[in-house]
Amino acid sequence: MKNFKALIFVSIFSVTVGLIGFLNHNDNLIKPNSNLTAYQVLTIQLQSLKNNKKLKNNLGIVQTYEFAHPENKKVTGPIQNFTKMMKSDAYSILLNHNKTKVGIIHQDKFHEVYLIQVNKNNQTRTFVWTLITYIDENKKPFWYTVNVIPYDKKI
């Protein structure tokens, strides 16, 4: 069982690195689709933010915005507003961070909640990151982030 978990981790990591590499070289965004799990969406977003500087033109932020829930996009507005928010004091530690720790708080078939700890330049910040399923007009479920809330405790 331990080897199976390690194999799953290595597989998810490899797919994520491949996706980020694809994103980096082709300037193509990974679009929400029903084949992605919530954890894969989370990983895509975290890796995109971590590599925002390498991706250039804030493409990491743009990729993260792709997986923002459609209702959230109505609140945050266009990508320019989302970019300003990501560069604000509350969220800028996510951009080009060094390390990430992920812990799951809750998981069911409709939503997943994670505690995310990021380190950057000897600073640490923790966030509660929530993803939910969204059913499109074709009755396909997609995972989207509905909120990322700064949390004052470390994991």
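Two strands are taken to pair if DSSP finds at least two bridges between them, and it is in this sense that Lys101 stands opposite Gln117 in E2. The model described here is a predicted one, and the protein in it has six helices and four strands. Read along the sequence, these elements follow the pattern α-α-α-α-α-α-β-β-β-β.

**The chain as a whole**

- Of the 155 residues of the protein, 39% count as buried, and the accessible surface comes to about 9,300 Å², with 55% of that surface belonging to carbon and sulfur atoms.
- Among the contacts in the protein that have a separation of 6 or more, 51% are accounted for by residues 24 or more positions apart.

**The sheet and its edges**

- The four strands make an open sheet in the order E1-E2-E3-E4, and their pairing is antiparallel.
- Strand E1 (99-107) and strand E4 (141-151) stand at the edges of this sheet with a single partner strand each, so one side of each is left without a neighbour in the sheet.
- Neighbouring strands of the sheet are turned against each other by 25 degrees on average, with direction ignored.
- Strands of a sheet pair through backbone hydrogen bonds, in either a parallel or an antiparallel manner.

**Strand pairs and hairpins**

- E1 is joined to strand E2 (residues 111-120) by eight bridges, the two strands running antiparallel, and together they form a hairpin with three residues between them.
- E2 is mostly covered, given that eight of its ten residues are buried.
- E2 also pairs with E3 in the antiparallel sense, over ten bridges, and within this pair Lys120 stands opposite Gln123 in E3.
- The hairpin of E2 and E3 has two residues between the strands, and Asn121 in its turn has a positive phi of about 50 degrees.
- E3 and E4 likewise pair in the antiparallel sense over ten bridges, with Thr145 in E4 as the bridge partner of Leu131.
- Five residues lie between E3 and E4 in the hairpin that these strands form, and Lys139 in the turn has a positive phi of about 65 degrees.

**Helix H2 and its setting**

- Helix H2 (residues 38-50) has 13 residues, which at 1.5 Å a residue should span 18 Å, and this agrees with its end C-alpha atoms, which are 18 Å apart.
- H2 lies across E1, E2, strand E3 (123-135) and E4, and runs at about 135 degrees to E3.
- Ten of the 13 residues of H2 are buried, so the helix is largely enclosed by the rest of the structure; these buried residues are Ala38, Gln40, Val41, Leu42, Thr43, Ile44, Gln45, Leu46, Ser48 and Leu49.

**Helices H4 and H6**

- Seven of the eight residues of H4 are buried, so this helix, too, is largely enclosed by the rest of the structure; the buried residues of H4 are Leu59, Gly60, Ile61, Gln63, Thr64, Tyr65 and Glu66.
- In helix H6 (residues 79-86), the residues Phe82, Thr83 and Met86 are buried.
- Seen down the axis of H6, its buried residues fall within an arc of 100 degrees, so they line one face of the helix.
- The exposed residues Gln80 and Lys84 are carried on the face of H6 that is turned away from its buried side.
- The cover over the buried residues of H6 includes H2, helix H4 (59-66) and helix H5 (70-76).

**Gln45 as a single case**

- Once its neighbours within four places in sequence are left aside, Gln45 is in contact with Thr64, Phe67, Ala68, Trp129, Leu131 and Thr145.

How values were computed
Residues are numbered from 1 along each chain as its sequence is written. This is a predicted model: local features need pLDDT of at least 70, side-chain atom pairs count only at pLDDT 80 or more; totals for chains, interfaces and linings use all residues. Side-chain values use heavy atoms; hydrogens and water are left out. Buried means under 20% relative accessible area, exposed over 50%, partly exposed in between (1.4 Å probe, protein chains only). Contact means heavy atoms within 4.5 Å. Accessible areas come from the Shrake-Rupley method with a 1.4 Å probe; for residues, only the protein chains shown count as cover. The expected span of a helix is 1.5 Å times one less than its number of residues. Axes are lines fitted to C-alpha atoms, for helices over the stretch in contact, and angles run from 0 to 180 degrees between N-to-C directions. The arc is that of the directions from the helix axis to the C-beta atoms.
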